[in-house]
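My notebook is open, and I have a predicted model to go through today. Here it comes, and then my entries.

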Amino acid sequence: GLPAYSHPRIHYCVFGSYDERLFCTNQHLLLGGQFNDIMLEHGQRSSFSLDWDQGNDSHLAQVRTVFMDQLFGAPGWKLWVSKTRSDIYGTLDVLQKVFSIMVAVSLLLAALVSALQIKRILKPFRALMAGTKSIAERNFNTQIDVVSNDEFRELSESFNQMADQLGKQFRLLTGLSNIDQLLLSTPDLDQVANSTLNTMKELVSSDAAAVVIRNPDNATEVF
């Protein structure tokens, strides 16, 4: 029964009612009256822990009493479980190494995810910066396309609408400026009318356009 549950690095010993050794996984442990001396040292307590040295090995041990009086009418047996400090520290070293590897992998994954996230965020900003520079160079046909379902897509759509409106306003101002210059440079009204119609075609989407010139000397006369 008991050996089937034994661990190769954990030592088990069972002592009878009078502290005699009944079984021990390591036959070199607790020889002679060592266990009896330990029990006397700890006041025959039913459960306690201790540090115990044997030879070059230092053990951490736990002693518990298995009560037998109710079932068998006999004093209880004692169960000794111990493990060397070197084995305990070896296990801790392994856990520390595993934990260090896990921390390193977690930090690497966090850095990778952060880099990808930063790259995803910076890409729309770069597109907006390029679009702004293009508009500053009076290229109002600039359109940016941000593939996302967040605020960056809404920002890109607003930017494209702004660029379109700025282009229309700039073309309108340019056309009006050209008309003003033409009025100041030539008295030919037909040439002014044709230039005005051409400008309107560029600025206004319509099926037809007309220019009406009123005679300044006769308000009712137009041609």
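Does lysine 78 count as buried or exposed? I looked it up: at 10% relative accessibility, lysine 78 counts as buried. My cut-offs are under 20% relative accessible area for buried, over 50% for exposed and partly exposed in between, with a 1.4 Å probe and protein chains only.

Some ground rules for myself. I number residues from 1 along each chain as its sequence is written, and side-chain values use heavy atoms, with hydrogens and water left out. As the model is predicted, local features need pLDDT of at least 70 and side-chain atom pairs count only at pLDDT 80 or more, while totals for chains, interfaces and linings use all residues.

Back to lysine 78, which sits in strand E5. I listed its contacts (heavy atoms within 4.5 Å), leaving aside neighbours within four places in sequence; among them are Cys13, Phe15, Asp19, Phe35, Met39 and Arg64.

Next I took the overview. I find 5 helices and 7 strands, in the order β-β-α-β-β-α-β-α-α-α-β-β from the N terminus on. These are DSSP runs numbered from the N terminus, helices being H or I with at least four residues and strands E with at least two. Of the 223 residues, 25% are buried. Among contacts between residues at least 6 apart in sequence, 36% join residues at least 24 apart.

Then I turned to helix H1, residues 34-41, where Phe35, Ile38 and Met39 are buried. They cover an arc of only 100° around the axis (taken from the directions from the helix axis to the C-beta atoms), so they lie on the same side of H1. Leu40 and Glu41 are exposed on the other side. The buried residues of H1 pack against strands E1 (11-15), E3 (47-54), E4 (57-66) and E5 (77-84). After H1 comes glycine 43, with a positive phi near 70°.

I also checked the span of helix H4, residues 151-185. Its 35 residues reach 50 Å from first C-alpha to last, close to the 51 Å expected at 1.5 Å a residue; the expected span is 1.5 Å times one less than the number of residues. Its buried residues include Phe152, Phe159, Gly167 and Leu182.

The accessible surface comes to about 16,400 Å², of which 58% belongs to carbon and sulfur atoms; I used the Shrake-Rupley method with a 1.4 Å probe. Leucine 112, in helix H3 (residues 85-136), is one of the residues making a nonpolar surface patch of about 490 Å².

Note on methods:
Patches are made of residues with over 30% relative accessible area and no salt bridge: like charges are joined within 9 Å, nonpolar side chains (Val, Leu, Ile, Met, Phe, Trp, Tyr) within 5 Å. A salt bridge is a side-chain nitrogen of Lys or Arg within 4 Å of a carboxyl oxygen of Asp or Glu.
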